[in-house]
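Two contact surfaces are the topic of this report. Please keep the model in view while reading.

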Amino acid sequence: MTDPRDPHTHDEVVDDLVARRDEAVTDLMRSPPEGADGAFVDHYAPGAPDADAEYEVALESLSQWQLARRRFRRHRLAMVGLVIFSLMLGVAIVGPIVQPYEFTNIPGASRQGGDPPSLEHVFGTTREGRDVFELVINGARISMAVGLFSMLIAGFMGVLVGSLAGYFGGWVDNGLMRVVDVLFAIPFLFIILVAARFFGQGQVSSLILIFGLLSWPLIARLVRASFLSLREADFVDAARAVGVSDLRIAFRHILPNALGPVIVAMTLLMASTIILEAFVSFLNFGIQETQVSWGNALANAQSALILGNWWWAFFPGMAIALTVIAINFIGDGLRDALDPRSRA
Amino acid sequence: MSSERSAMTAGGTDVEAAVDTAHGSTPASVGPPGPDVASASPGNGQPLVSIQELVKFYPIHGGILRRHVGDVRAVDGVSLDIPRGEILGLVGESGCGKSTLGKTVLRLLPATSGRVLLDGEDVLARTGRDLKRLRRRMQIVFQDPVSSLNPRMPVSDIIGEGLVAQADAENGWGKRSVRDKRVGDYLEVVGLRRDYARRFPHEFSGGQRQRIGIARALALEPEFLVCDEPVSALDVSIQSQILNLLLDLRREFGLTYLFVAHNLSVVQYISDRVGVMYLGKLVESAPVESLYEDPRHPYTVALLSAVPVADPRRRTRRLVLKGDVPSPAAPPSGCRFHPRCWLREQLGDPEQCETVDPPFRELASGHRVACHFAERISKGVLADAVAEQPDIPTSDVVEPDGQDLESPKPVDAVPG
C-alpha cells in the first residue's frame, strides 16, 4: 500500500486518475456507449447529462463580481431606483447651482398663504413667499446627507457588533447584547433630544452622528441572528475542518450569507431616518430654522394644508417618498444581485 | 497500548482489528495479536486513529442564573481503533451520538474528555499552528449536500479555500495557478469536469455536490476521512455511485474512513468493521460479516431484524422493542438498553442488567459486545421472543431509503 503522506505518491495517484479519466473521455467520444440507458457504473466516465456547452460559453470569463453586476443591471426596478436616486443625489450635490432663486432671495408671494404652482414658481411658494422648488433642491442636501451617512454609520456599527456577538457567542455576545438592550429600552426620542443639546444643536453632522449611533442596534440584532444560525451550517464546519481562520470564516462565509436582510433593513433605515430628521426638526431639536431639509419643509407646511395649499407639503413629501422608494428598490436589487442563486 | 489492538494483513482490506476499551474496563484476554503486526502497516501496527474513552457532554443550563443542571451525554466513553486503510462503519439510531463522535474526533466540537490519537499524535491536545497542520490529515464529508457548500462561492473557491489555508512554501498552494490546476485535478478525480470549477453550488445535483464535498476534503491529501452519513440525503441510484467512489478513493489513496450511517445495508456494503452505538455508548463491534451473520447484542439483533426483506410473499410477525430511546440526559442505570431489552425479558429480568454496566468484552476474536448475556442469544431465544409479541400485520410501509432507522416508529423484528 502506498503511504499517502508522501506528496509525490499522492500527486502521482491524482495524475494517474486524471489521465485515466481523460482517456475514458476520449474513448467515449470516439465510440459512444450503445443503447440509451446511460446508467452505467463507471463514475470516472464524464458527467454525461451536464454537457450544455452553450451555458458554459455564457459563464466563460465572468467573475463573481461581474456576475453580480450583470444581475443588478438586469434588475429593472433596481435600475429605476438607481436612476431616481442618482438624480436626487445629483440635485443634492449641484443643487445650489441650478436653483432658480438664491437662498436669501425670497421672491415673495402675490397671494396670502402662498402662490400655487405656476410657470414662475413651478412648485408654488410658501406662505412667506419662498419658492418651493428651491426648498426641495436645497432640502435634498441635508436630507440625503442625514439619511445616507447615518445609514452607513449604523450599518457599519451594526454589522461589526452583530458579527462579533453572533460568531463568538458566550460572554462577548452577552455583553454586547446587553448594550443593545439598554439602547432599545431608553425611549429613542428622549436620547435624541438630550443628545442634540449635548452635541450641539442645529449641526447636521451631530444629527448624523446621533441617528447613526442610535439606530445600529436593530442591524446588530439582525446580523447576530443570521450569524447564530449560519454558524451551525455544515459549510462553516467544513471551512474549520480545512483550517480556515475564524476571522476569514466570519467574513467570507457567514457575513455574505447574512447580508441579504441587512441590506434591506439598511435601506428601510435610511428612509425612516429621513422622516425622523423631519420630525426632530419640527420639534426644534433638529437643524436650525435658517437651514432647509425636506423634513422641516414638510413640518412647516402643516398649517398651510388647512388652507388648501397642498403644494407646499406635496413636493417635499414626494421628494422623500421617491427617494425612499428608490433606495428600497436598490436594496432589493443588491440583495438579488449578490445571491448567486438568483437568475442572471 | 495493549498488544491485542489491531493490525492489518498485508492485503490491506481483510483487517483484524480489536476495538479497544483502553482503560481497563475489560480484561481483554481473548484476542490474539493480529498477524504481521510489524510488517503490514507503516505505523508499526499502530492504528491510524485511536479514540480512547472519548466523552462529549452538552451541558444543560436551567433557571434564571443559567446554572449547570445536567448534561446530555451524547458520547459517553467510546473507545475504538481504526487501522490504516480500514473502513469502520458506525451505526445507530438518531441521537445515539454517532455524528457527534465523528465531529468531536475532528475537533469540530470540543470534547469533554478522552483522547484521540491520529498516527500517535493527540488531536485533542493540539492548538494553533499544530492543530491546523493536523487538520490537513483528517477531513470530513457531510451528510447534507446542500448546506455543506457555501452557496455564494464558486466551486474553485470552495475547493481552493483549504489549499489557501494550508499553503506553505513546500506545496506552493498559495499560488493561484497551482491551486487552479489542483482544483481541476481533484474535480476529475471525483468524476466531475474540470470546468465545473467556475460554477456555483446551486447549479449541481445532490450527487454532484457530494462529489464536490469529497473533492474539497481530498484536495488536502488527508489520510483519515470522517464520512458523516454521506449518502443518506441522496437518491438510491446516486447512493451507490458515491459509495463506489469512496471505495475507489480508499483504494487509490490508501485512505481510512470512519463511516457514520444509519442505513444498515450501506454500512454492510462499505465497511470492513462495524460499530453499533446506543445512547452514546458502543454496544457491539465486529468485522462486518461477523456482525451481520452473528449479532451478539440484543440491540444489534433488533436493528438487523428491522431491515426489510425485498420479498412481498414473506409474512412476518413483528418483534417490537418497548418504548422509545431514553433521554441521553438521564440514561438508565446498569445496561443502557435494559428497559427495552427483549433478551432481558426472555431471561426473566436478571437484576444484573439494571445494576451493572456491562463491560465491553471480547467474545470472539475481534468481536466485542457490551452485554452480560451475549452468549445466550440464539435463534431459538429470538423465535420465542417474537412469538410472545402481539400479532401485528406486516406493514407495507417502507421508507424511501429502505431501512430508515430514524423514523419514530418502533424497531420491529423479523424472526429467524
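## Two interfaces of chain B

Domain 1 and domain 2 of chain B bury about 1,800 Å² between them, and carbon and sulfur atoms give 62% of that area. Buried area here is the accessible area (1.4 Å probe) that two parts lose on being put together, summed over both. On the side of domain 1 of chain B, B:Tyr278, B:Leu279 and B:Glu284 lose the most area to domain 2 of chain B, together 41% of what that side buries.

The model is predicted: local features need pLDDT of at least 70, side-chain atom pairs count only at pLDDT 80 or more, and totals for chains, interfaces and linings use all residues. Residues are numbered from 1 along each chain as its sequence is written, chains are lettered from A and ligands numbered from 1 in the order in which they are written, and side-chain values use heavy atoms, with hydrogens and water left out.

**Between the domains.** Domain 1 of chain B spans 84-108 + 127-284, and domain 2 spans 289-387; these bounds come from an automatic or database domain assignment. Their C-alpha centres lie 32 Å apart. In contact (heavy atoms within 4.5 Å) are 16 residues of domain 1 of chain B and 26 residues of domain 2 of chain B. One salt bridge joins B:Lys281 to B:Asp357, with the closest N and O atoms 3.4 Å apart. A salt bridge is a side-chain nitrogen of Lys or Arg within 4 Å of a carboxyl oxygen of Asp or Glu.

**Between the chains.** Chain B gives 60 residues to the contact and chain A gives 49 residues. About 5,000 Å² is buried between chain B and chain A, 51% of it on carbon and sulfur atoms. A:Arg252 forms a salt bridge with B:Asp157, the closest N and O atoms being 3.3 Å apart. On the side of chain B that touches chain A, α7(B) (236-253) gives the most, with seven residues. Helices (H or I, at least four residues) and strands (E, at least two) are DSSP runs, numbered from the N terminus.

| Interface | Salt bridges |
|---|---|
| Domain 1 of chain B and domain 2 of chain B | two salt bridges |
| Chain B and chain A | six salt bridges |
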